[in-house]
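I will jot down what I look up as I go.

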Amino acid sequence: MDRMARWTATGDVIDSAPAAEIASGKMIATISYVFCPIAVLPFLKRDNAFSLYHAKQALALLAAAIGASIVLVVIGMILSMVGLGIALTIASLAFTVAMIGFIVIGAINAWNGKMRPLPLLGGLAKLLFGGTR
């Protein structure tokens, strides 16, 4: 499987964690999507597979957002030189809506106790951070 296919492959596989871990890690897992610095805490403790899984997903989302933002800035500079600045505005708006959508999907999955990967980015989390523990 090539690199892009691994990044975007989320599959139907849903990891699982014991109910006690889901209950104790649900709040920090949900907050990890909204406030990314919180996502570092499960990496330090590593005692809750559920919150660690969602922390990895949230940090992969952050890495993808930073990477896409850099690409948007470069493309924006090029488009501004050619007089197509409105295209950058539209692309930035679409990017922002997509990121908010991913945050909402991840937070809802965490709050509902599901270890489901983010669409398009779940494979990136596995590639960057490996398995659950």
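Leaving aside neighbours within four places in sequence, which residues is A125 in contact with? I looked and found K56, Q57, A60 and G130, where contact means heavy atoms within 4.5 Å.

Before going on, a note on ground rules. This is a predicted model, where local features need pLDDT of at least 70, side-chain atom pairs count only at pLDDT 80 or more, and totals for chains, interfaces and linings use all residues. Residues are numbered from 1 along each chain as its sequence is written, and side-chain values use heavy atoms, with hydrogens and water left out.

**Entry: more on A125.** I placed A125 in helix α6. With a relative accessible area of 3%, A125 is buried (under 20% is buried, over 50% exposed, in between partly exposed; 1.4 Å probe, protein chains only). I also checked L61: it sits 64 residues from A125 in sequence, yet their C-alpha atoms are 8.0 Å apart in space.

**Entry: α4 and α6.** Next I followed the helix pair. The axes of α4 (residues 49–82) and α6 (residues 122–129) come within 8 Å and cross at roughly 100 degrees. I note that axes are lines fitted to C-alpha atoms, for helices over the stretch in contact, with angles from 0 to 180 degrees between N-to-C directions. The two helices are therefore roughly perpendicular, since that label covers 65 to 115 degrees. On the α4 side I listed K56, Q57, L59, A60, A63 and A64, and on the α6 side G122, L124, A125, L128 and F129. By class, I have eight nonpolar, two polar and one charged residues in this contact. Here Ala, Val, Leu, Ile, Met, Phe, Trp, Tyr, Cys and Pro are nonpolar, Asp, Glu, Lys and Arg charged, and the others, Gly among them, polar.

**Entry: S32.** Is S32 buried or exposed? I have it as buried, at 0% relative accessibility. S32 belongs to helix α2 (residues 19–34). A polar atom of the S32 side chain lies 2.7 Å from the backbone oxygen of I28. Leaving aside neighbours within four places in sequence, S32 is in contact with I38, A39, A55 and A58.

**Entry: the whole chain.** Of the 133 residues, 36% count as buried. Among contacts with a separation of 6 or more, 72% join residues 24 or more positions apart.

Note on methods
Helices (H or I, at least four residues) and strands (E, at least two) are DSSP runs, numbered from the N terminus. A polar contact is a pair of N or O atoms within 3.5 Å; within protein, one must be able to donate a hydrogen and the other to accept it, and residues adjacent in sequence count only if both atoms are side-chain atoms. Angles under 35 degrees count as roughly parallel, over 145 as roughly antiparallel, 65 to 115 as roughly perpendicular and the rest as oblique.
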